[in-house]
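Visitor: I'm new to reading protein structures. Could you walk me through one, feature by feature?

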Amino acid sequence: MQRLSFDPALLARYDKSGPRYTSYPTAVQFHPGFDEQAYRAQAAATNRGEGRPLSLYVHLPFCARLCFYCACNKIVTKNRSRAAPYLERLHEEIALQGALFDPARTVDQLHWGGGTPTFIADDEMRALMRATREHFRLRDDDRGEYSIEVDPREVRPGTLALLRELGFNRLSLGVQDFDPKVQAAVNRIQSEEQTLGVLREARALGFRSINMDLIYGLPHQTVASFTRTLETVIAASPDRLSVFNYAHLPELFMPQKRIRAEDLPSPQAKLDILQATIERLTASGYEYIGMDHFARPDDELAVAQRSGSLYRNFQGYSTHADCDLVGLGITAIGKIGETYSQNVRTLEEYDARIDAGRLAVFRGIELDADDRLRRDVITGLICHFTLDIPAVERTHGIRFAEYFAPELATLAGMAEDGLVALSPGRIDVLPAGMLLVRNVCMVFDKYLRRQQEQRYSRVI
């Protein structure tokens with residue numbers, strides 16, 4: 001794979017707000033017209049024939065502490081007992097959802113996200129996995145991709161051994177930054193010893209893939225300070241790294257109001273941090289997968305990208321494009337057949353739905369032919385940095401140059417800037433355009449022309 005290049009002038013010129021394309025159409029297009037009845041019909045349709053494997057996403061929203069940068073759907077509480085009523089209803093939702101799908105369909109992918117999934121007690125984790133196994137066909141051979149998000153501060157003695165016993169074989173560790181001044185400013189105090197101890201124990205227990213999350217653009221960060229964090233992380237040698245751009249949107253996310261804007265690095269400083277990060281990671285052997293993600297060459301993400309099978313969903317990059325995704329818990333998003341759906345966002349709404357014996361789905365969208373076409377184009381570009389135009393034409397029965405004439409005219413300007421290379425049979429994202437692949441994808445987003453950009457984070 002070609003190595004990305006860093007052009008500060010181009011990055012500054014193209015740095016604007018836009019979607020991260022964990023789906024197309026994006027969640028902004030979901031509507032209440034796609035309801036529980038529509039979801040049930042789609043689930044039934046996917047059972048016909050052999051039935052695709054399943055992916056389950058389980059949202060556990062509770063956190064014991066508030067991280068000021070966080071934009072996730074979470075419930076911050078020190079009261080651990082608050083999880084019990086939610087888990088009781090989550091078990092009921094699992095039963096409702098499980099009844100919709102052919103029991104022969106195997107769960108090839110499972111992810112617990114949050115919040116902080118390890119907020120709940122060991123017995124509660126056992127019960128949740130037991131309920132899931134009762135209503136879905138989980139794998140017993142450790143060949144599935146069963147992952148969980150872990151806050152190292154919430155790992156008790158025996159927690160990792162329990163997770164491995166339950167079938168998890170992948171971890172994503174939240175780190176963000178090891179610098180004490182940065183940690184204090186975002187209210188996430190977490191020592192290197194604590195974090196790296198979790199990683200070492202996970203390796204000893206046989207977890208197959210370990211990811212670490214970092215964030216650049218946090219208060220008080222500098223190139224020197226973030227490089228120190230990076231060196232510590234590289235020495236620990238995680239299989240994957242996610243290096244996210246902090247999006248400061250206090251008008252949308254209340255906790256961010258506690259972060260002082262004057263403490264944030266300048267746009268130029270952020271670019272400098274990003275450049276230093278990319279150079280250091282690639283020099284250490286990590287491959288740039290795309291959209292802030294890096295992986296070792298032998299990691300499944302890197303292998304999937306080279307083989308052309310990489311996919312993108314609501315958890316980021318994935319190797320399981322063939323799965324129908326079932327979302328469980330508040331705000332969870334699913335993808336069933338050619339539809340997307342989302343559960344209600346609050347505990348009150350969730351309780352009412354489940355107590356009435358109803359699914360928690362409150363909105364979604366069924367993709368039309370144009371949506372499916374544009375999704376394939378965007379997925380190809382954002383996962384593989386290239387698009388095989390004749391293959392798209394064969395799949396969708398179109399003449400690409402005619403159908404996308406306005407888009408190709410826009411891309412011509414990007415080609416002049418060295419972001420892409422255009423030919424009758426291909427669109428290739430060049431090394432200078434890899435960090436700006438969102439901008440390239442945005443050209444093909446018909447909905448974006450009607451939306452206001454402040455809904456989204458900035459590209460860089």
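This is a predicted model: local features need pLDDT of at least 70, side-chain atom pairs count only at pLDDT 80 or more; totals for chains, interfaces and linings use all residues.

Visitor: At roughly what angle do the axes of helix α12 and helix α13 cross?

Guide: The general idea is that two packed helices are described by the angle between their axes and the distance between the axes. Here, the axes of α12 (residues 369-384) and α13 (residues 389-396) cross at roughly 160° and come within 11 Å. Angles over 145 degrees count as roughly antiparallel, so α12 is roughly antiparallel to α13. Their crossing is right-handed.

Visitor: Which residues in α12 and α13 meet?

Guide: From α12 you have R372, L373, D376 and V377, and they meet V392, T395 and H396 in α13. Sorted by class, that contact of α12 with α13 has three nonpolar, two polar and two charged residues.

Visitor: Now another pair. How do the axes of α8 and α9 cross?

Guide: Use the angle and the distance again. Helix α8 (residues 223-236) and helix α9 (residues 267-283) have axes that cross at roughly 25° and come within 10 Å. Angles under 35 degrees count as roughly parallel, so α8 is roughly parallel to α9. The handedness of this crossing is right-handed.

Visitor: And which residues do α8 and α9 bring together?

Guide: On the α8 side look for V223, F226, T227, L230, E231 and I234; in α9 they meet D272, I273, A276, T277, R280 and L281. The residues of this contact of α8 with α9 divide into seven nonpolar, two polar and three charged.

Visitor: What order do the strands have in the open sheet?

Guide: Read across the three strands: the order is β18-β20-β19, and the pairing is antiparallel. β18 (386-388) and β19 each have a single partner strand and stand at the edges, so one side of each has no neighbour in the sheet. On average, neighbouring strands here are turned by 10° against each other, ignoring direction.

Visitor: Which strands does α12 touch when it packs on the sheet?

Guide: α12 touches β18 and β20, and its direction makes about 135° with that of β18.

Visitor: What about single residues? Is P32 buried or exposed?

Guide: A residue counts as exposed over 50% relative accessible area. P32 has a value of 63%, so P32 is exposed. You'll find P32 in the loop between α1 (8-14) and α2 (36-46). Leaving out residues up to four places away in sequence, P32 touches F362 and R363.

Visitor: Where does I189 lie?

Guide: I189 is in the loop between α6 (180-186) and α7 (192-204). With 56% relative accessibility, I189 counts as exposed. Setting aside neighbours within four places in sequence, I189 is in contact with R153, Q183 and A184. I189 and R153 are 36 residues apart in sequence, yet 8.8 Å apart in space, C-alpha to C-alpha.

Technical notes: Residues are numbered from 1 along each chain as its sequence is written. Side-chain values use heavy atoms; hydrogens and water are left out. Helices (H or I, at least four residues) and strands (E, at least two) are DSSP runs, numbered from the N terminus. Buried means under 20% relative accessible area, exposed over 50%, partly exposed in between (1.4 Å probe, protein chains only). Contact means heavy atoms within 4.5 Å. Axes are lines fitted to C-alpha atoms, for helices over the stretch in contact, and angles run from 0 to 180 degrees between N-to-C directions. Angles under 35 degrees count as roughly parallel, over 145 as roughly antiparallel, 65 to 115 as roughly perpendicular and the rest as oblique. A crossing is left-handed if the near helix is turned anticlockwise from the far one by less than a right angle, and right-handed if clockwise. Ala, Val, Leu, Ile, Met, Phe, Trp, Tyr, Cys and Pro count as nonpolar, Asp, Glu, Lys and Arg as charged, and the others, Gly among them, as polar. Two strands pair if DSSP finds at least two bridges between them.
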